Amino acid sequence: MKRSALVVIVSAVLVAAPAAAQWTGMPVWNDPKGGTGITISGEYGRPDSAYGKGNAWGGRAALGVGTVTLTAGVATYKPEGSSDATTTVGGQAAFRVIGGSLLPFAVNLQAGAGTSTKITSSGYPKRTSVTGAVGMSVLLPTPGVRYVRVEDAITGVPTSQTKFGYALGANLTFGMLGVHLAYDYQKLDVGSTGVFGVGAHLDIRAPGGF
């Protein structure tokens, strides 16, 4: 059994309230250790009341080739009280700088982008977000910069603000199967938002992979 803890410190965040991670309704996911092979994940996100409450469901597929990991995913988020849901599609690319099978810690560089649909019926805006992060794990998995463009669901007018945020999480792995969780906090001009996420993953590692 392998355990890992995720610590994410995010600075210089450009966002409009409520804040949105790369996949709307989900925390920012990152595994600095990476690895060689395929990882398939299914996840659930639960934003707080300042975010819009409701529930988010998503799935991701990651391909690790040496020190590089490429990820594609999709998530749906239905704010509380809304009759419709928004769908976000996005992708990530991560490069492991330090770490591997012989070291108890790892550092990676991660970049990603995602865009969601708007919900006209409830006025929930369209969001396009870009993340740039430095991820650090100590056998236990991220700092970075997020850019989020928010377009009003009715007028299409974009707004933004620059704030600080962070995420904390952990991984627990049993051979090929594992579970992961994270909490993402975002400061706003007025108050703050938070998103809790939990998921399960399946690692299909190539021979000799980490």
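Q: Strands are DSSP runs of type E with at least two residues, numbered from the N terminus. In which loop is glycine 81 found?
A: The model discussed here is predicted. Glycine 81 and lysine 53 stand 28 residues apart in sequence, and their C-alpha atoms are 9.0 Å apart in space. As for its place in the chain, glycine 81 belongs to the loop between strand 4 and strand 5.

Q: Is glycine 81 buried or exposed?
A: The relative accessible area of glycine 81 is 80%. A residue counts as exposed when this value is over 50%. Because 80% passes that cut-off, glycine 81 is exposed.

Q: What distance separates the C-alpha atoms of glycine 175 and leucine 202?
A: Glycine 175 sits in the loop between strand 10 (161-174) and strand 11 (177-187). With a relative accessibility of 62%, glycine 175 counts as exposed. Along the chain, leucine 202 is 27 residues from glycine 175.

Q: Where in the protein is confidence lowest?
A: The mean pLDDT of the protein is 77, and 73% of the residues reach 70 or more. Confidence is highest in strand 3, at 95. Over residues 3-19, by contrast, pLDDT stays under 50. The lowest confidence, a mean of 42, belongs to residues 2-15, which form strand 1.

Q: What kind of aromatic pair do tyrosine 44 and tryptophan 57 form?
A: The whole structure contains two aromatic pairs. In the pair of tyrosine 44 and tryptophan 57, the centres are 4.7 Å apart and the planes make an angle of 55°. Planes under 30 degrees apart count as stacked and those over 60 as edge-to-face, while the rest are tilted. Because 55° falls between these limits, the pair is tilted.

Q: What kind of aromatic pair do tyrosine 51 and tyrosine 77 form?
A: Tyrosine 51 lies in the loop between strand 2 and strand 3, and tyrosine 77 lies in strand 4. Tyrosine 51 is buried, at a relative accessible area of 3%, and tyrosine 77 is buried too, at 0%. Their ring centres are 5.7 Å apart, and the angle between the planes is 80°. Because planes over 60 degrees apart meet the cut-off, the pair is edge-to-face.

Q: Which strand gives the most to the nonpolar patch?
A: A nonpolar surface patch of about 720 Å² has Phe95, Val97 and Met136 among its residues. Strands 4, 5, 6 and 7 each supply at least two residues of the patch. With three residues, the strand that gives the most is strand 5.

Conventions: Residues are numbered from 1 along each chain as its sequence is written. This is a predicted model: local features need pLDDT of at least 70, side-chain atom pairs count only at pLDDT 80 or more; totals for chains, interfaces and linings use all residues. Side-chain values use heavy atoms; hydrogens and water are left out. Patches are made of residues with over 30% relative accessible area and no salt bridge: like charges are joined within 9 Å, nonpolar side chains (Val, Leu, Ile, Met, Phe, Trp, Tyr) within 5 Å. Accessible areas come from the Shrake-Rupley method with a 1.4 Å probe; for residues, only the protein chains shown count as cover. A salt bridge is a side-chain nitrogen of Lys or Arg within 4 Å of a carboxyl oxygen of Asp or Glu. Helices (H or I, at least four residues) and strands (E, at least two) are DSSP runs, numbered from the N terminus. pLDDT is the predictor's confidence in each residue, from 0 to 100. Contact means heavy atoms within 4.5 Å. Rings of Phe, Tyr and Trp (its six-membered ring) pair if their centres lie within 6.5 Å; planes under 30 degrees apart count as stacked, over 60 as edge-to-face and the rest as tilted. Buried means under 20% relative accessible area, exposed over 50%, partly exposed in between (1.4 Å probe, protein chains only).
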